[in-house]
Amino acid sequence: MALGNFSQVTEFILLGLSDTRELQILFFTFFLLAYAMVLLGNLLVIVTVRTDPKLSSPMYLLLCNLSFIDICCTSVTSPRMLVDLLSQRKAIAFEDCIAQLFFLHFVGASEMFLLTVMAYDRYTAICKPLRYTAIMSQQVCWVLVSACWAGGFIHSTVQTLLIVQLPFCGPNTIDNYFCDVPPVIQLACTDIYVTEWLMASNSGLISLVCFLVLVTSYMFILVTIRVHFTEGHWKVLSTCASHMMVVILFFVPCIFIYLRPFSTFPSDKHISVIYTVFSPVMNPLIYTLRNSEVKASMWKL
């Protein structure tokens, strides 16, 4: 094999979410609708932001990038999952499994960094409104977005390199509906104690640190609103609450899955559905459709 160190496994078998035919058809219908919502909702956001000159501030540039990342994130897992739900044998080639794992962590880590940048943007706009245009200029915004993508690429490259050097000689059954770090490395024919701690430190710490930064930024926003409260701040308070709901849906499952030794607890594939399916569906609803300017531009479009 080109990938892997003396690996004999040429493919993995994905067990999916259920082996019951009726449930598989039900899951297929649900996830097909969810995938269509992600594509249509986020594409509408991208087209709206790109075609309306009024939506040219850094906030809308970040929203546009978030929508693009959500499309990429769900497209890494959902099409394969939909095909497997209708297939009798859910096999994925070794190279395809590694590629899926790489791109999932690439866009997933990029989204974590981008959500952190978006929280900083909201903190600057609310807590330092007079300096907002100077701090979050277009140039600074593009640099931050590029840093998010670069950080995601570095993170994913490290994860992938740690996996491809492991030998895989069987078994080849993955109790999940996609290839992810915890179930894959547990199939390696070697001691993975050091490797799993390195991966937990990489993915888990990134999730935890970004989550803590996000919570801290929203705490500063709430303190600022409390000190200088006006009637217009009710809308800000409501927006922050809805943003935190999406942040919790995305980050808490990631922290639970990655910030621990993978062999200690079995990976819960049903929890993975939250950040691979539900979160991309919720992002355009929470971050965009609650924004009156974006809604007005959508109606105009």
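In helix α5 (residues 138–164), the buried residues are Cys 141, Val 145, Cys 148, Trp 149, Gly 152, His 155, Ser 156, Gln 159, Thr 160, Leu 162, Ile 163 and Val 164. Buried means under 20% relative accessible area, exposed means over 50%, and partly exposed lies in between (1.4 Å probe, protein chains only). Helices (H or I, at least four residues) and strands (E, at least two) are DSSP runs, numbered from the N terminus.

This is a predicted model, where local features need pLDDT of at least 70, side-chain atom pairs count only at pLDDT 80 or more, and totals for chains, interfaces and linings use all residues. Residues are numbered from 1 along each chain as its sequence is written, and side-chain values use heavy atoms, with hydrogens and water left out.

**Overall make-up.** The protein chain has ten helices and three strands. From the N terminus their order is β-α-α-β-α-α-α-β-α-α-α-α-α. Of its 301 residues, 50% count as buried. Contact means heavy atoms within 4.5 Å. Among contacts with a separation of 6 or more, 80% join residues 24 or more positions apart.

**Helix α5 and Phe 106.** The 27 residues of α5 should span 39 Å at 1.5 Å a residue, and the end C-alpha atoms are 39 Å apart, which agrees. The expected span is 1.5 Å times one less than the number of residues. Phe 106 sits in helix α3. Phe 106 counts as buried because its relative accessibility is 17%. Leaving out residues up to four places away in sequence, Phe 106 touches Trp 149, Gly 152, Phe 153 and Ser 156. Phe 106 and Ala 150 are 44 residues apart in sequence, yet 9.0 Å apart in space, C-alpha to C-alpha.

**The sheet.** Three strands form an open sheet in the order β2-β1-β3, with mixed pairing. Its edge strands, β2 and β3, each pair on one side only. Two strands pair if DSSP finds at least two bridges between them.

| Pair | Sense | Bridges | Opposite residues |
|---|---|---|---|
| β1 and β2 (residues 91–93) | antiparallel | three | Phe 12 and Ile 92 |
| β1 and β3 (residues 173–174) | parallel | two | Ile 13 and Thr 173 |

Strand β1 spans residues 11–14. Phe 12 and Leu 14 make up its covered face, while Glu 11 and Ile 13 make up the uncovered one. In a regular strand, side chains alternate between the two faces of the sheet. Helix α3 (residues 94–127) lies across β1, β2 and β3 and runs at about 85 degrees to β2. Axes are lines fitted to C-alpha atoms, for helices over the stretch in contact, and angles run from 0 to 180 degrees between N-to-C directions.

**Nonpolar cores.** A nonpolar core is a set of buried Ala, Val, Leu, Ile, Met, Phe, Trp, Tyr and Cys residues joined through side-chain atoms within 4.5 Å. The largest has 64 residues, and Phe 31, Leu 114 and Phe 251 touch the most other members. Helix α2 (residues 58–85) supplies the largest share of this core, 14 residues. A second, separate core of 22 residues includes Phe 94, Leu 166, Ala 188 and Met 199. Beyond its neighbours within four places in sequence, Phe 251 contacts Met 112, Leu 115, Ser 207, Cys 210, Phe 211 and Leu 214.

**Annotated spans.** An unreviewed UniProt entry annotates "transmembrane region" at residues 25–47, 59–78, 98–120, 140–158, 205–225, 237–259 and 271–289. UniProt positions are given in the numbering used here, feature names are shortened, and annotations may be inferred rather than shown by experiment. Residues 98–120 are 100% helix and 0% strand, with end C-alpha atoms 33 Å apart. Residues 140–158 are 100% helix and 0% strand, with end C-alpha atoms 27 Å apart.
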